[in-house]
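Welcome! Keep the picture open as you read.

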Amino acid sequence: MAVNRAVITHGHGDHARPGHRSALATPETLAIMRTRFQDMPDTTQQPLKYGDTVTMGDVSVSLVPAGHILGSAQAVLEHKGQRIVVSGDYKRRPDATCPPFEPVPCDVFITEATFALPVFHHPSDAGEIGKLLRSLETFPERTHLVGVYALGKCQRVIKLLRAAGYDKRIWLHGALASLCKLYEANGVELGDTALISDAILETFKGQIVLCPPSAIADRWSRRFADPIAAMASGWMGVRARARQRGAELPLIISDHADWSELTQTLKDVGAPKVWVTHGREEALVAYARSIGIDGEALHLGGREEEDES
Amino acid sequence: MQAFARLLDALSFQPARNAKLRLIEAYLRETPDPDRGWALAALTGGLDFAAAKPALLRSFGHEKIGEELFHLSYDYVGDLAETLALIWETKPDAGPPPSLGEVVETLQRATKMQTPAILKRWLDELDATGRWALLKLLTGALRVGVSARLAKQAVANIGSQPVAEVEEVWHGLSAPYRPLFDWLTADGPKPASNMGGAFLSPMLANPIDRAEIDTLDPAHFRAEWKWDGIRVQVASLGGVKRLFSRAGEDVSGAFPDIVEAIDFEGVFDGELLVRRDEAVAPFNDLQQRLNRKTVTPKMLKEHPAHVRLYDVLWLDGEDLRALSFDERRTRLEAWMAEKPRPRFDISPLVRFADWAHLATLREEMRQDGIEGLMLKRGDAPYLAGRPKGPWFKWKRDPMLADCVMMYAQRGHGKRSSFYSDYTFGAWRETAEGKRELAPVGKAYFGFTDEELRWLDKWVRDHTTNRFGPVREVEQQLVLEVAFDGVARSTRHKSGVSLRFPRINRIRTDKPAAEADTVDTLLHLVP
Ligand SMILES: [Zn+2]
Ligand SMILES: [Zn+2]
């Protein structure tokens, strides 16, 4: 849905659309949108840095880090002493590719709910990356194909591998190239990476190859001998889902808040009124009510199921 | 417990046999005793705790997050043990998680009353994968696609021994198998094999066809019918009587009628059958017995089991395996002649003049319960494994049917980017007189790599619907399916199930409407 004035929380496809007359977002998010939407010549771009404020009519707007992906922000709207925070997508655990989520006390908090069920407790990132590295040790001759979303998950997984001491070359599917370049231009160093298509005389044995999840089942993956299909996503925590996606090595790495992060955030922002959207509203609304918060499900259009979790 | 849980987790997602082996081997190498021994017991089906019932798990869940949230969670996950494992959180101030040995030893001592409290403490200490594995173990639902045979193969591999050696000592040992690991990974002595009562690795036959048979000298070979039952080993020593499957699994529990009839000492090789009024019943009847853990008196009466012997490996304390087939056969016949042996008989030798004669006999034999012929060299000793040369199986030509591809599913491992598992159907008429396809089976081999690439492309180009990894395809492509038998089935919507189906040919020349009907298949049911 294209509008006159859009405030964009981050660059994922279900939050950022082309065609708005003007778009207000962090400079990083606008850069991501330009990469994805052919430079957006018809949109007036209004960059707003974290912490800065603009006024639109009698509403003041500022953007605060959401800890989701590069440039991701919560939108803080103030009107006559009333403060509404729109969380966008967020998470609470550290991520080397973006500044951490900052809770903003408010009157109304509109929260995402992608993983809003008590079954989602994402384990530590380091432990999940350890699973991948252990598998490389057990199967040193097999290519480890890791399915990642091009924006955010890809770069985070690379950073996590680097933090775990993995300094070998990481191979990339062509679809991941431009966003990796953009992250690097924004100061997120990814180390030695190369495109699969640039490889000469490389067998990829015992190598890590990152690709979009759909590429694993695609003819594209046939160039690798006996690959192991790993998949990095928050959905991997539930076995039936992991199996449905054909993962042989599920890695539970999510860019969204899990159940404890969501419930902790409700407490941290202290809003008496919470609107729950973008996911499994029912459970989080039930939880909010059980601790005396006026919770309500807010059904917004335009959500694509599970695209980038 | 955490290491074991990680192993189970990895195994449950890894479909390839070799990869499973590698995972188990790595675990067995890295894990100290007695944990690895208990793990081995769990993988070979030797650990049986029914310590936690679903009702207990549900009550834990309600207590933890309330009924509404637990219900929503269970609804989403679809598996009770997994739901509880996921919603429970590791307590930050909990003690270190228990080892597998600690879990097993504690449960062996604990009373029913104590179990819930112990279980809660462990759930606090373990991580989500650990909780999942623990709950699966305690509810007796540990299914990670590992057979006892595969686990034993992994143990054998870490000591660079043939699996036959492990099988031979296996039944003289008990969990946590300390002497076994001492032997395989340190310098311990080979454990004594409980000779005569132990499982001895069977001798297996290679398939052969008519052309290859003509290169052999008929005078060297003896022929027996190949029975359509289950290969078993009857082993009895010092009052311990057992019936083993070909893979060394103890199936005595399902066949008390056979075990009861054992009044001798020795190890015999034979075919387990259901025999009714002197005739061999269809394989389906035997399957019904196999599927039960406990047998009802009715089952025993209506599906009486029988063993048709074809070899003797040990007799009265003597190892006969080094003797020739002819000598063993003489011993077997003499033993059978000693006295009546209810529930046992000997598979008769099929006399023949030359291969052409035998081929005719094979063609004419359309009796139920016979799959073809076995050819055994008269001068060959009994050798474990599948030696090339002494034993052959010459199967009856398969039955064929033209079916229509309905669904295709992606394969595993090397084939994970190919649609390589095909569900096919045959025509039938609905109550309203409409013609529709009903699925009759699923096959994932029989084709060449080139045919697989062709089939994969066909599937991708003719998809009408997708369900996760499954694609529904246009009902156009006729597959000639080969199979070894047909049985009535209540599990299949079509009412028939094919035995051992495989893709024989791709029939692009045949219109789908001319494929076979369910009725035609039903006529093949014996
Ligand atoms: Zn997002
Ligand atoms: Zn989103």
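Predicted model: local features only at pLDDT ≥ 70, side-chain atom pairs only at ≥ 80, totals over all residues.

**The zinc site**

- Which residues hold the zinc ion (ligand 1) as protein donors? They are A:His10 (NE2), A:His12 (ND1), A:His68 (NE2) and A:Asp89 (OD), and they lie 2.2 Å from the ion.
- Along the sequence, these donor residues of the zinc ion (ligand 1) follow the spacing H-x1-H-x55-H-x20-D.
- The site of the zinc ion (ligand 1) is irregular, with angles of 88 to 166° among its 4 donor atoms.
- Are A:His10 and A:His12 buried or exposed? Both are buried.

**The three-stranded sheet of chain A**

- Strands of a sheet pair through backbone hydrogen bonds, either parallel or antiparallel.
- In chain A, 3 strands make an open sheet with the order 1-2-3 and parallel pairing.
- Strand 1 (5–7) and strand 3 (44–47) of chain A are the edge strands, each pairing on one side only.
- On average, neighbouring strands of this sheet are turned by 20° against each other, direction ignored.
- Strand 2 (residues 22–25) of chain A runs parallel to strand 3 of chain A, and 4 bridges join them.
- One place to look is A:Leu24, whose bridge partner in strand 3 of chain A is A:Gln46.
- Helix 1 (residues 27–36) of chain A packs on the sheet and touches strand 2 and strand 3 of chain A. The direction of helix 1 makes about 150° with that of strand 3 of chain A.

**Two residues with positive phi in one loop**

- Most residues other than glycine have a negative phi, and most peptide bonds are trans.
- A:Gln38 has a positive phi near 50°, and this residue lies in the loop between helix 1 and strand 3 of chain A.
- Why does A:Gln38 count as exposed? A:Gln38 counts as exposed because its relative accessibility is 66%, and the cut-off for exposed is over 50%.
- A:Asp39 is exposed as well, with a relative accessible area of 52%.

**The seven-stranded sheet of chain A**

- Chain A has an open sheet of 7 strands in the order 4-5-6-7-8-15-16, with mixed pairing.
- The edge strands are strand 4 (53–56) and strand 16 (294–297) of chain A, and each pairs on one side only.
- Strand 4 and strand 5 (residues 59–65) of chain A pair in the antiparallel sense over 4 bridges, with A:Thr53 standing opposite A:Ser62 of strand 5.
- Strand 6 (residues 73–79) and strand 7 (residues 82–86) of chain A pair in the antiparallel sense over 5 bridges, and A:His79 stands opposite A:Gln82.
- The hairpin of strand 6 and strand 7 of chain A has 2 residues between the strands, and A:Lys80 takes a positive phi near 50° there.
- Strand 7 and strand 8 (residues 108–113) of chain A pair in the parallel sense over 3 bridges; here A:Val85 stands opposite A:Phe109.
- Helix 7 (residues 259–269) of chain A lies across strand 8 and strand 15 (273–279) of chain A, at about 170° to strand 8.
- Helix 8 (residues 281–290) of chain A lies across strand 8, strand 15 and strand 16 of chain A, at about 170° to strand 16.

**Over in chain B**

- A cis peptide bond with omega of about 0° joins B:Asp33 and B:Pro34, and B:Pro34 lies in the loop between helix 2 (17–30) and helix 3 (35–43) of chain B.
- Another cis peptide bond, with omega of about 5°, joins B:Ala175 and B:Pro176. B:Pro176 is in the loop between helix 11 (163–170) and helix 12 (178–185) of chain B.
- B:Arg329 sits in helix 17 (residues 325–338) of chain B and counts as buried because its relative accessibility is 7%, where buried means under 20%.

Key: Residues numbered from 1 in each chain as written. Chains lettered and ligands numbered in written order. Heavy atoms only, no water. Donors = N, O, S within 2.8 Å, 3.2 Å for Na, K, Ca; no water. Tetrahedral: all angles 85-135°; square planar, octahedral: opposite > 155°, others 65-115°. Buried < 20%, exposed > 50% of the residue type's maximum accessible area, 1.4 Å probe, protein only. Pairing = 2+ DSSP bridges. Axes fitted to C-alpha atoms, helices over the stretch in contact; angles between N-to-C directions. Contact = heavy atoms within 4.5 Å.
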